[in-house]
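Have the viewer open as you read.

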Amino acid sequence: MSLHADTSASFRHLLDLELLPVHHLKHVLQRAQAFAEGAQAPQALAGVAVCTLFFEPSTRTRLSFQLAAQRLGAYSLNFDASTSSVTKGETDLDTFRTIEAMGVRGFVVRHKSDGAVAALAAAAKAGVAVVNAGDGRSHHPTQGLLDMLTLRQAKGEDFSKLKVVIVGDVKHSRVARSDVHALRALGCGEIRVCGPAALLPDDDTLHGCIVTEDLDAALEGVDAAMMLRLQRERMAEGLVASLEDYHRDYGLTAARLQRAAADAIVMHPGPMNRGVEITDEVADGPQSRILNQVANGVAVRMAVLEVVLTN
Amino acid sequence: MSLHADTSASFRHLLDLELLPVHHLKHVLQRAQAFAEGAQAPQALAGVAVCTLFFEPSTRTRLSFQLAAQRLGAYSLNFDASTSSVTKGETDLDTFRTIEAMGVRGFVVRHKSDGAVAALAAAAKAGVAVVNAGDGRSHHPTQGLLDMLTLRQAKGEDFSKLKVVIVGDVKHSRVARSDVHALRALGCGEIRVCGPAALLPDDDTLHGCIVTEDLDAALEGVDAAMMLRLQRERMAEGLVASLEDYHRDYGLTAARLQRAAADAIVMHPGPMNRGVEITDEVADGPQSRILNQVANGVAVRMAVLEVVLTN
Amino acid sequence: MSLHADTSASFRHLLDLELLPVHHLKHVLQRAQAFAEGAQAPQALAGVAVCTLFFEPSTRTRLSFQLAAQRLGAYSLNFDASTSSVTKGETDLDTFRTIEAMGVRGFVVRHKSDGAVAALAAAAKAGVAVVNAGDGRSHHPTQGLLDMLTLRQAKGEDFSKLKVVIVGDVKHSRVARSDVHALRALGCGEIRVCGPAALLPDDDTLHGCIVTEDLDAALEGVDAAMMLRLQRERMAEGLVASLEDYHRDYGLTAARLQRAAADAIVMHPGPMNRGVEITDEVADGPQSRILNQVANGVAVRMAVLEVVLTN
């Protein structure tokens, strides 16, 4: 659930892209685009403390948020909840409330459990904002936003004619869910989803999407291929036979990419398993927008922190 | 030992509350109250580097000091001595002197051994200040100060009529010792201490306190109940039979709290073991000042850092 | 390999002292001396993000660079690659490019493999600078620079009459290699190297040096003794019989130090194994410059970051 006013440009927390009104989503993308083009706001959050509170570790996402906070003039603090007092038996909510009581106004929270970030946001005091940096399999809204920004930069603002395919372990992916929510909200012409049956969700996540297990078919004529990371634990769980099998069936190679539109772009949220879901040739090739995604990540997080912490 | 001039408002290090002259203690509380009410000093420590040097991990205390340092304009650095070069066999003193030689002027030090922080302070160069963030079972002066600030906010500056009870594992608690030192210094009317015999100190720590194993009696008419965290290793050590037994005899419940004065406040240094030393009803109830303590912690640490680093 | 323009005062990366033109080396030392004497440049790197990217942990070097970056007004970020997404199978180059894509312009990189830092530098985008904070056994250029600064402060700028001895595990030491490169570049009169045969390099590292296994002879008349840390794993590897044997043959004692010039200085890169390669009496004695080295480390790193990030 996103908690927000419906009419203004601002909203209080960013928890998901599913319920976020589309005008808010577009407002963030517009502001992020300005930051991506070099806009500066070095005093926007002067005197504001922003804490990255990660109950599940992720160095790259944390770093991206820290840079965004610093570039807005905020104090940046880190609480690695995966290794600290949480292990002393404190509840997540007490950890959150304690840091909140210290005067921290912005929280960037990652948690392995679905809904855990929203639960903390629901308990936040007035004036305190929570940004979901990934919860369980559910939501990773800033990843969704940065993917949309990357798409817009390559393909323009009108998504109605676009064909986009998301490939891989959609079932366990909060990235995929946030991308689907955002693509729907922005009126993407065709959302295709491709992966082995064992890695496709069996709920209504993909309502309205074209779902297939055949990557060659899925790539036909697309404007963008969004590759997902294959977590190696899927092998141990028996959901994937081997990395070799997965690569053969679902790895994006230069040959396969020729099925896509000539100007199709390739995306990946990182970190990449080169040689598994994507080859070097594609990852480093001219159609890759993978490093643009990373750059856009900082811009999007600046825009989000600015919106939720200034109003 | 506290090293300080006796007459000025300033002192060089903050190592304990036992030997700190009461006018210094009151000066810090007064300045901390100003910070708690919103006073700002964003340039007070501009250009000064403050390092949290923790030989024993504690995320929440570290974070509180970091926020305090940042709000005064200091550079904030962290050296987690529990996981770094110390493991290469370097002495604590060499670690301290090395960071000191880098130009760090403020040290916030936690150590598992009694007296270890004072030993480093004794070796400090001119112009360098050490704040004890907890050593062994001995001292945790900023916790004592923030507890006193919380008491003052609730009960006024005159402690002579106050009855305060400290409950729990007093024997192993630097928080309890620092609270007793501070309550004595501020002329608290009655200091009660309550816990099972195995968790009460057998030295002269509690000189002048009313000591009992009976929590119901100890709570009778008190103005404040300061609950201590029960470390789970006390079970392994055979000092406590079980969490259930401990909760039955020494857990603060809403029913028990009725024995205290009607306007009594409840305090806890955190992190809490809910359902062990304190129930949810009390921790989250109207008499709880637990989150006020956390907020006061930043204010007290700002005041302490300002005093020891500006003169 | 150092990548640099040959004529200006600036160079792009600092990877080693072997190929760095001597006028660059001297320029850095001159600027570092100014910082050591109190020069300030609090806005030199305002708005620039500097990331310490350590594939091999080192708290003290990281802290020294962080302080240097902060004192120049940079944003300071840390990516501990020894514990993060690298373990998810990402290549070092992808990790580097990802942080680079976030807008980080300065990288301080440590790596356990020889040449790994230079490989990342070769891939850096225009405008991005890499400083080698130690790679394998090869290079640790800022350590070499801070050692030279310390020597200059004690002995003046003309090294042509100086006799310097480096003692210990030269074979595995990037510190020793960088010191030899720098001493050669600055025209040191006599470079002696001393250690047990098993800890001396068998390649051409020591070309032009006087090499001996006899410490008493090696110390005769030297102006400076640079002691190296003995890594304890050398025992497990069978390269050293015992700490006691090593100390007897290669430990610097006050008695042995008398063989050196009366005003000889003693240096050690830290952390020290007191009682092994150096005694307390020497480490803490009047000829020790060990803490000066640490202080000079921040000054040198300020100078290096300023040079590579402003042009």
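## A sheet in chain B

Thr52(B) stands opposite Val108(B), which belongs to E3(B). This is a predicted model, where local features need pLDDT of at least 70, side-chain atom pairs count only at pLDDT 80 or more, and totals for chains, interfaces and linings use all residues. Residues are numbered from 1 along each chain as its sequence is written, with chains lettered from A and ligands numbered from 1 in the order in which they are written.

Strands E1 and E3 of chain B pair in the parallel sense over 5 bridges; pairing takes at least two DSSP bridges, and strands are DSSP runs (E, at least two residues; helices are H or I, at least four) numbered from the N terminus. The open sheet has 4 strands, ordered E2-E1-E3-E4 in chain B, with parallel pairing. Its edge strands, E2 and E4 of chain B, each pair on one side only.

| Element | Residues |
|---|---|
| E1(B) | 49-54 |
| E2(B) | 75-80 |
| E3(B) | 106-111 |
| E4(B) | 129-135 |
| H2(B) | 59-71 |

Helix H2 of chain B lies across E1, E2, E3 and E4 of chain B, at about 175° to E1(B). Angles run from 0 to 180 degrees between N-to-C directions of axes fitted to C-alpha atoms, for helices over the stretch in contact. Contact puts C-beta atoms, placed from the backbone, within 7 Å.

Over in chain A, Ala225(A) touches, among others, Val165(A), Val167(A) and Leu252(A), leaving out residues up to four places away in sequence.

Key:
Contact = placed C-beta atoms within 7 Å.
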